[in-house]
Amino acid sequence: MYSSPAAGKGARSKSNTPFQRVKSDQIVFTDERLKDMSYDAKSGAGDWGAKASADLIVTRGKGFTKEKNKKKRGSYRGGEIDVYGSQ
């Protein structure tokens, strides 16, 4: 016998609240430095990374990938790249 999808196990509720896997009001930070995940809050932020962050921070959604790839195609004009350093 046929049953409608809404009648089954996956029926949606009538509320208009978006799905959230992690509830923002229930988060407890053990270290206050973890609240700010921006590039500017990172210790040791450099010149080249700061410029890239300033250019890309305003870009959201699909446009971010396009802008990022445009930056990668351009010639590098920053300082020395530390390939052995880690943050």
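The model is predicted. The protein contains two helices and zero strands. Of its 87 residues, 5% count as buried.

**Helix α1 and its packing**

- Helix α1 covers residues 47-56, and helix α2 covers residues 62-73.
- Within α1, the buried residues are G49, S53 and L56. Viewed down the axis of α1, these buried residues fall within an arc of 75°, so they line one face of the helix.
- An α-helix has 3.6 residues a turn, so residues three or four places apart point the same way.
- The partner of this buried face is α2, against which the buried residues of α1 pack.
- On the face of α1 turned away from the buried side, the exposed residues D47, K51 and A54 are found.

**The loop between the helices**

- T59 is located in the loop that connects α1 and α2.
- T59 counts as buried because its relative accessibility is 16%, and the cut-off for a buried residue is under 20%.
- When neighbours within four places in sequence are set aside, T59 is in contact with F64 and E67.
- E67, one of these two contacts of T59, also takes part in a salt bridge with K70.

**Salt bridges**

- Three salt bridges are present in the structure.
- K70 and E67 are joined through their side chains, with an N to O distance of 3.2 Å. Both belong to helix α2, and because they are three residues apart there, about one helical turn separates them.
- A second salt bridge links D31 and R33, whose closest N and O atoms are 2.7 Å apart. The side chains of R33 and D31 also make a polar contact, likewise listed at 2.7 Å.
- R33 is placed in the segment before α1. With 66% relative accessibility, R33 counts as exposed, whereas D31 is partly exposed at 27% relative accessible area.
- The remaining bridge is formed by K35 and E32, with the closest N and O atoms 3.1 Å apart. E32 counts as exposed because its relative accessibility is 55%, and the cut-off for an exposed residue is over 50%.

**Nonpolar surface patch**

- V22, I27, F29 and L34 together make a nonpolar surface patch of about 350 Å².
- V22, one of the patch residues, is situated in the segment before α1.
- V22 is exposed because its relative accessible area is 57%, and exposure requires over 50%.

- What does the buried side of α1 pack against? The buried residues of α1 pack against α2.
- Which residues does T59 contact beyond its neighbours within four places in sequence? These residues are F64 and E67.

Definitions and conventions
Residues numbered from 1 in each chain as written. Predicted model: local features only at pLDDT ≥ 70, side-chain atom pairs only at ≥ 80, totals over all residues. Heavy atoms only, no water. Patch = residues over 30% accessible without salt bridge, like charges linked within 9 Å, V, L, I, M, F, W, Y side chains within 5 Å. Areas by Shrake-Rupley, 256 points an atom, 1.4 Å probe, with all protein chains shown as cover. Salt bridge = Lys/Arg side-chain N within 4 Å of Asp/Glu carboxyl O. Helix = DSSP H or I, 4+ residues; strand = E, 2+ residues; numbered from the N terminus. Buried < 20%, exposed > 50% of the residue type's maximum accessible area, 1.4 Å probe, protein only. Polar contact = N/O pair within 3.5 Å; in protein donor to acceptor, adjacent residues only side chain to side chain. Arc of directions from axis to C-beta. Contact = heavy atoms within 4.5 Å.
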